[in-house]
Amino acid sequence: MSKIMRLDRFVSNQVYEVSRSEVKLLCKKGKISVNGRNARPDDKIDAEKDEVFLDGRKIEYKEHIYIMLNKPKGYVCSTKDGDSPTVLELVPKELYREGLFPAGRLDKDTEGFVLITDDGELSHKMLSPKNHVDKKYYVELERDIREDTAQLFEEGITIDGNEKCLPARLERIDGEARKCYLTLNEGKYHQVKRMFEAVGNKVTYLKRISIGKIFLDENLPVGNCLEILHKYLPQFLDII
Ligand code: URA
């Protein structure tokens with residue numbers, strides 16, 4: 001599919017610091033070229049084929065961007081919030097572009113892997129219940145995990161009296177009575193917390209460590225972002 005668009009739109013979309021009006025100025029100064037020729041803001045270009053240079057550096061076209069965030073506590077997974085900072089505030093300016101949003105939500109007090117993107121289609125597939133994308137959490141609890149908890153989760157526990165969960169996998173951690181991993185393939189509101197409440201326990205710490213086959217990079221500090229190359233993303237998310 002060809003990606004024909006105006007030069008000013010292309011440059012301002014792909015390069016964070018440059019607005020459309022600045023593109024005009026840069027064109028006047030001869031700082032932008034298309035296929036070796038000085039460009040004008042209203043030139044029509046093919047984003048996938050044409051070679052656009054800004055100040056001697058090629059602008060690599062990316063239709064969408066995919067960012068792994070290691071979310072800290074205290075941030076909300078939305079694009080706007082009155083009181084609390086949003087996860088978008090943690091995206092560094094070199095990765096930032098218009099239209100970014102978190103694909104799926106973690107609670108304000110949950111840490112770990114949040115995928116931030118501007119790709120609505122991929123996000124929709126990833127979150128669609130019919131695709132059953134696994135999400136794995138590391139969980140710390142107030143009380144010892146009871147012997148029957150894994151079995152109850154495996155059978156699909158009912159929470160708050162009438163909400164039936166899909167089967168979930170609880171993995172014990174050797175030597176740990178109050179820590180475990182839990183893998184879900186759906187995303188009900190406060191699901192992990194409510195599942196443990198249903199078996200008389202309470203989550204004290206929660207961190208998402210993977211989505212599909214993509215694991216949170218262990219070297220990524222809390223509060224930091226990493227760009228994920230999109231080419232293999234659908235495979236790793238199990239959504240093709
Ligand atoms: N389950 C929860 O209870 N909270 C989260 O943030 C994610 C899953």
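Student: In β15, which residue is the bridge partner of Glu111?

Tutor: In this predicted model, strand β9 covers residues 111-117. Two bridges join β9 to strand β15, residues 203-211, and the two strands run parallel. In β15, the bridge partner of Glu111 is Lys207.

Student: Which residue in β9 does Met68 stand opposite?

Tutor: Strand β7, residues 66-71, is joined to β9 by six bridges, and these strands run antiparallel. Within β9, the residue opposite Met68 is Leu115.

Student: Which residue in β9 does Pro102 stand opposite?

Tutor: Strand β8, residues 101-102, is joined to β9 by two bridges, and the pair runs antiparallel. The residue of β9 that stands opposite Pro102 is Ile116.

Student: How many of the seven residues of β9 are buried?

Tutor: Strand β9 is mostly covered. A residue counts as buried when its relative accessible area is under 20%. By that cut-off, the number of buried residues in β9 is seven of seven.

Student: Within what arc do the buried residues of α2 fall, seen down its axis?

Tutor: The buried residues of helix α2, residues 20-28, are Val23, Leu26 and Cys27. They line one face of the helix, because seen down the axis of α2 they fall within an arc of 100 degrees.

Student: Which exposed residues does the face of α2 turned away from its buried side carry?

Tutor: The buried residues of α2 pack against α1, β2 and β5. The face turned away from that buried side carries the exposed residues Ser21, Lys24 and Lys28.

Student: How far apart in sequence are the parts that Glu63 and Lys3 tie together?

Tutor: Glu63 forms a salt bridge with Lys3, with the closest N and O atoms 3.0 Å apart. Glu63 lies in the loop between β6 and β7 and Lys3 in the segment before β1, so the parts tied together are separated by 60 residues.

Student: Is Lys3 buried or exposed?

Tutor: Its partner Glu63 is partly exposed, with a relative accessible area of 39%. For Lys3 the relative accessible area is 13%, and the cut-off for burial is under 20%. Lys3 is therefore buried.

Student: In which helix does Lys193 lie?

Tutor: Lys193 forms a salt bridge with Asp107, the closest N and O atoms being 2.8 Å apart. The pair links distant parts of the chain, 86 residues apart. Asp107 lies in the loop between β8 and β9, and Lys193 lies in helix α5.

Definitions and conventions
Residues numbered from 1 in each chain as written. Predicted model: local features only at pLDDT ≥ 70, side-chain atom pairs only at ≥ 80, totals over all residues. Heavy atoms only, no water. Buried < 20%, exposed > 50% of the residue type's maximum accessible area, 1.4 Å probe, protein only. Helix = DSSP H or I, 4+ residues; strand = E, 2+ residues; numbered from the N terminus. Pairing = 2+ DSSP bridges. Arc of directions from axis to C-beta. Contact = heavy atoms within 4.5 Å. Salt bridge = Lys/Arg side-chain N within 4 Å of Asp/Glu carboxyl O.
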